[in-house]
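Hi,

Here is the structure I promised to pass on to you. Have a look at it first, and then read my notes below.

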Amino acid sequence: MALSDLRREMVLSAIEEYDKLGRDAFLEVYRYGPARGYFLLYDGKRYDSKAIAGVAHRDVDGRPLRAEDFSGGNATVARALSDLGFEVTRPGDIIDGHSPQSLLQKIGTLKTAASATPGARKRHQPLALLWALGRVSRGDDRLVPWRDASPALESLLREFGHPGDGLHAEFPVLRLYHHGLWDLPGRNDVPRASGSAAQRWMRQNQPLSGLRSWVHDLVTDHPAVRAQIVLRLLDEYFRDVDRDELLAATRLAPEPNAITPARDEATLLRDGTPTPSRRTVTTNRVIRDSALAEQIKLVHNHQCQICDIRLTTRRGPYAEGAHIRPLGTPHNGPDEPGNLLCLCPNHHVLFDGGTITITDDLVAIDVPTGQPITPIRLADGHTPDPQHLAYHRHISEDSQSTGAIRCK
């Protein structure tokens with residue numbers, strides 16, 4: 001009676017019958033109560049997830065499961081249906097009829113104009129969204145007077161927009177408003193995002209401005225969804241930008257992790273003396289634990305991608321951002337999402353030391369024995385780059401033969 005035996009076509013068959021009978025009749029026929037928190041979303045409709053899974057199971061052993069035969073919830077029904085590619089909402093996921101997945105879909109359908117830079121799209125709407133998400137991450141008010149929002153957005157456009165695309169903050173806000181993501185409360189005469197009349201309307205009315213309330217609530221309640229949006233925008237619009245600078249400018253650089261990584265020591269203790277000598281040194285090193293790495297940790301809910309452990313300290317959850325291709329010389333790896341993993345400290349050390357590596361099929365391998373350990377856990381919005389994984393396997397093989405410790 002394992003729900004893992006379900007197949008997608010079985011679930012679709014149960015959905016088809018649900019639609020044919022209607023909700024009340026379907027639940028009555030199979031003696032299920034209404035779902036309280038977990039719903040399957042499919043083709044714009046919402047279904048009682050436990051009832052769908054139980055009825056779908058008839059194609060496994062010839063009879064549907066009864067409600068008392070199994071438990072519902074996140075660890076059973078939601079996991080089984082999600083593994084089959086269905087979206088399952090958890091308690092609190094649905095806000096004003098919207099789910100995290102529907103928000104991500106709206107982000108993916110932004111209509112951005114062509115940039116003056118050949119082959120690029122304008123960055124005005126993405127920058128406005130990053131600015132608003134940064135406010136969410138810091139717990140700031142949802143709505144901001146336009147006299148305050150406008151200069152903040154123009155500053156971001158000046159620093160991170162494409163040359164020649166203009167500094168008009170009115171247009172991205174109006175476009176996001178008509179796309180259903182932005183709020184200008186109390187206004188029913190909002191113009192389209194074009195021409196001097198639109199700019200004049202914003203200057204004259206000085207409206208409050210910010211994310212729609214349902215968007216704000218979703219990205220506040222679901223930091224992983226917020227991080228997914230950030231990574232999607234960075235990957236699509238800002239590949240040639242210093243991402244840490246952009247995340248810092250939009251206030252998306254999170255608070256430091258629960259445990260602060262050790263800094264380079266400028267002073268060494270000698271023979272345990274209580275008063276060691278000191279000297280000033282200048283170092284040239286790659287900055288680690290970047291704001292980008294923190295976004296990766298948020299996407300993975302601070303769970304190690306190899307062992308799935310989530311460490312919790314008194315200061316909060318702790319994980320480490322591990323670069324696949326090392327940043328330092330001679331490797332000179334990039335600081336980008338595809339070159340990062342979210343690992344616990346133990347597996348970070350083993351990965352950096354070349355004891356563990358990862359195949360193109362995303363399976364962690366014990367290098368000394370050549371034996372597979374486990375498929376690494378993935379999260380929406382983040383996939384390791386196969387080129388960086390291949391590079392890591394190459395230098396891991398070298399380290400096994402030479403005994404050399406590779407540069408991080």
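Six aromatic pairs turn up in a search of the whole structure (rings of Phe, Tyr and Trp, its six-membered ring, pair if their centres lie within 6.5 Å; planes under 30 degrees apart are stacked, over 60 edge-to-face and the rest tilted). The model is predicted, so local features need pLDDT of at least 70 and side-chain atom pairs count only at pLDDT 80 or more, while totals for chains, interfaces and linings use all residues. Residues are numbered from 1 along each chain as its sequence is written, and side-chain values use heavy atoms, leaving out hydrogens and water.

Take tyrosine 18 and tyrosine 47: their ring centres are 4.8 Å apart and their planes at 70°, so this pair is edge-to-face. It links distant parts of the chain, as tyrosine 18 sits in helix α1 (residues 8-21) and tyrosine 47 in strand β2 (residues 45-48), 29 residues apart. (Helices, H or I with at least four residues, and strands, E with at least two, are DSSP runs numbered from the N terminus.) Both tyrosine 18 and tyrosine 47 are buried, meaning under 20% relative accessible area with a 1.4 Å probe, protein chains only (exposed is over 50%, partly exposed in between).

Phenylalanine 26 and tyrosine 30 have ring centres 5.2 Å apart and planes at 55°, so they form a tilted pair. Both lie in helix α2, four residues apart, about one turn of the helix. Ring pairs join Tyr18, Phe26, Tyr30 and Tyr47 into a cluster.

Happy exploring!
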